[in-house]
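Hi,

Here is the structure I said I'd pass on. Have a look at it first, then read on for what turned up.

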Amino acid sequence: AANTTEADITHTVTFKAEGLADKTFTLTQSKPVAEGTKVLLSESFANGIGDFTVEGDPVWNASSYDPDTFMKASGFISGAKTDAESFLVSPALDLTTVTKAYLSFRHTGKLFGTMANEATVWVREKDGVWAQLTIPTYMTGNDYVFVNSGSIDLTSYVGKNVQIGFKYVSTTAAAGTWEVTDIVVSNALAE
């Protein structure tokens, strides 16, 4: 077996009940990380948008629902479905220091017309032309339960500086909500 090191993941949950004091529980879990794993990007949006930017319509906002923090896109504005197209764009990622690279994230959402057209992931060389990637696992579209995207292979971009774009599209006929978090780009496959 490969040598591993430990990375701590902390989860905090607060229970609130009317008339009772809040009760907070914290669980710290050690997760093995393979030796030699290089994480190029890790973003949970715990502190807002971080180093990401928004291109296009301003439909992306930092949000949270205990215990998750995420970026949320919605074209449902002031009680109406609107036409919108917007990218949540990562900072530039230097893939010259790795021989393979993978993207993974967690996402959820619902109320889409055609989810595979309205919630997509793209890649480009820094400030270049976007190319669509395939998301292995989509959310159910029926609830707001986060699912893992699965690993998206970026190895064909090794040796370049790239940006990842989460593209959201809505229309006056369908304005879904897409929530994205725990975005990781590394040289190891996601679990």
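Before the first find, a quick definition: a pocket is an open set of grid points where a 1.4 Å probe fits, with protein on both sides within 12 Å along at least five of seven lines. Rolling a probe the size of a water molecule over the atoms shows where empty space is left. Keep in mind that this is a predicted model.

Two elements each give two or more residues to its lining: β5 (60–65) and β6 (68–74). The residues lining this pocket include Ser63, Ser64 and Tyr65, along with Asp68, Phe70 and Lys72. Tyr144, Val145, Phe146 and Glu179 are also part of the lining. Sorted by class, that lining has five nonpolar, two polar and three charged residues.

The other thing to look at is strand β16, residues 161–170. How many of its 10 residues are buried? Nine of them are, so β16 is largely enclosed by the rest of the structure. (Buried here means under 20% relative accessible area.)

Which strands pair with it?

- β12 (residues 119–125) runs antiparallel to β16, with seven bridges between them; alanine 119 has tyrosine 168 as its bridge partner there.
- β9 (residues 84–89) is also antiparallel to β16, joined by six bridges, and leucine 88 sits opposite phenylalanine 166.
- β10 (residues 93–94) is linked to β16 by two bridges, again antiparallel. Here leucine 93 is opposite valine 162.

Cheers

Technical notes
Residues are numbered from 1 along each chain as its sequence is written. This is a predicted model: local features need pLDDT of at least 70, side-chain atom pairs count only at pLDDT 80 or more; totals for chains, interfaces and linings use all residues. Side-chain values use heavy atoms; hydrogens and water are left out. On a 1 Å grid over the protein atoms alone, a cavity is a set of points where a 1.4 Å probe fits but cannot get out, and a pocket is an open set with protein on both sides within 12 Å along at least five of seven lines; lining residues have an atom within 4 Å of a point. Helices (H or I, at least four residues) and strands (E, at least two) are DSSP runs, numbered from the N terminus. Ala, Val, Leu, Ile, Met, Phe, Trp, Tyr, Cys and Pro count as nonpolar, Asp, Glu, Lys and Arg as charged, and the others, Gly among them, as polar. Buried means under 20% relative accessible area, exposed over 50%, partly exposed in between (1.4 Å probe, protein chains only). Two strands pair if DSSP finds at least two bridges between them.
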